Amino acid sequence: MEHTTEKNKKIKKILIIIISILLAIIVALVSAFYILSHIGKKQFHKEDTHISNEAVKIEDDTTITYQGKEYVLNKNIVSTLVIGVDRENINQNLGAGNNGQADVIFVATVDTKTKKACIIPISRETLVDVNLYTADGKFAGTEKQQICLAYAYGTTPQKCSENVLTSTKRLLYGINISRYVAIELDGIEKLTNMVGGVPITCLEDIKLGNAQYTKGQNINLKGKLAINYIQHREWNGLNANDRRMQRQKQFLSALINQTGNAVMADFTKLGTFYTALSPYFSTSVSLAQITYLAKECLTINFGDSLNYKSIEGTLQQGEKWVEFIPNEDSVLQTVIDTFYIPKV
């Protein structure tokens, strides 16, 4: 009897030790998660600065005055530049000036406090100062060009994307855009297939491949059809790219909804999507930032809550291509509405 009691005591001690170890591991993992999340938040904001424009008066580190009103820089905003690259195999270097174009460009922001998401679409035809580089990667000055061409001047996906990021910050008067994600069109095609297609209602009469679609027609966009829908642009007419951007906006919201629904139904698909798409994208978003976003934004239904903010401007026919000249007041107001909050 004493032997049995002693044996039970030893078993209890072993169980206590095992449970203590498991609890310690759980605490360590949870701590690591929140530490990574905290680091990720800091990384998003470590380069935060005010916009730079003569119409804006900087009062202090957090406050500006614009048109007689005071605004405070919103530290809950996290931002990422998303670039859709018009080429295959973005990791193959074709030489500076020949590495493709940024066919789709938009700034995505999330307010981690209000859980509101915003998209600032940027026309690929927007005229902005672009950094130029020689074939061997040496800086060769700047030139006013369509922003889509900024991607071409780089020898790696990172340098190409950073060049678009630089031009985008110039366009938005120096506001901090923390990170970028660049994805080639084959990656978008693959994702649409993985989520079973993207249902949309056609915005206009349009010919995609060998098929003709009419305005109001319901389509499930999969594979090349999805790429054709967001890429198609007639080569005549100043507003051809505007119509394409409306289709891209529609497609993006629908794709986010489809992807979000798939992940919420089966969380393991997040890893599946990431692994499958890895060969098709380049990003500067760190593990810490991904952890922070996962903690703050997992429950947001982005597709239904996206707020699109348009930059107004003037379209003109340049020597070779259509050019979009952004309106200064419109850019300023868009940036202030997105990255600032009125001071109470």
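Modeller: Of the 344 residues of the protein chain, 46% count as buried (under 20% relative accessible area; exposed is over 50%, and partly exposed is in between, with a 1.4 Å probe and protein chains only). This is a predicted model, where local features need pLDDT of at least 70 and side-chain atom pairs count only at pLDDT 80 or more, while totals for chains, interfaces and linings use all residues. Numbering runs from 1 along each chain as its sequence is written, and side-chain values use heavy atoms, leaving out hydrogens and water. The chain has nine helices and 18 strands (DSSP runs numbered from the N terminus: H or I of at least four residues, E of at least two).

Now zoom in. Glu-59, Asp-60, Asp-61 and Glu-70 form a negative surface patch (residues over 30% relative accessible area by Shrake-Rupley, 1.4 Å probe, with like charges joined within 9 Å, placed at CG of Asp or CD of Glu, and no salt bridge, meaning Lys or Arg side-chain nitrogen within 4 Å of an Asp or Glu carboxyl oxygen; Asp and Glu count as negative). One of them, Asp-60, sits in the loop joining strand 1 (56-58) to strand 2 (63-66). Asp-60 counts as partly exposed because its relative accessibility is 36%.

Gln-67 counts as exposed, since its relative accessibility is 61%. Gln-67 also has a positive phi of about 50°, though it isn't a glycine. Most residues other than glycine have a negative phi.

Terms used
Patches are made of residues with over 30% relative accessible area and no salt bridge: like charges are joined within 9 Å, nonpolar side chains (Val, Leu, Ile, Met, Phe, Trp, Tyr) within 5 Å.
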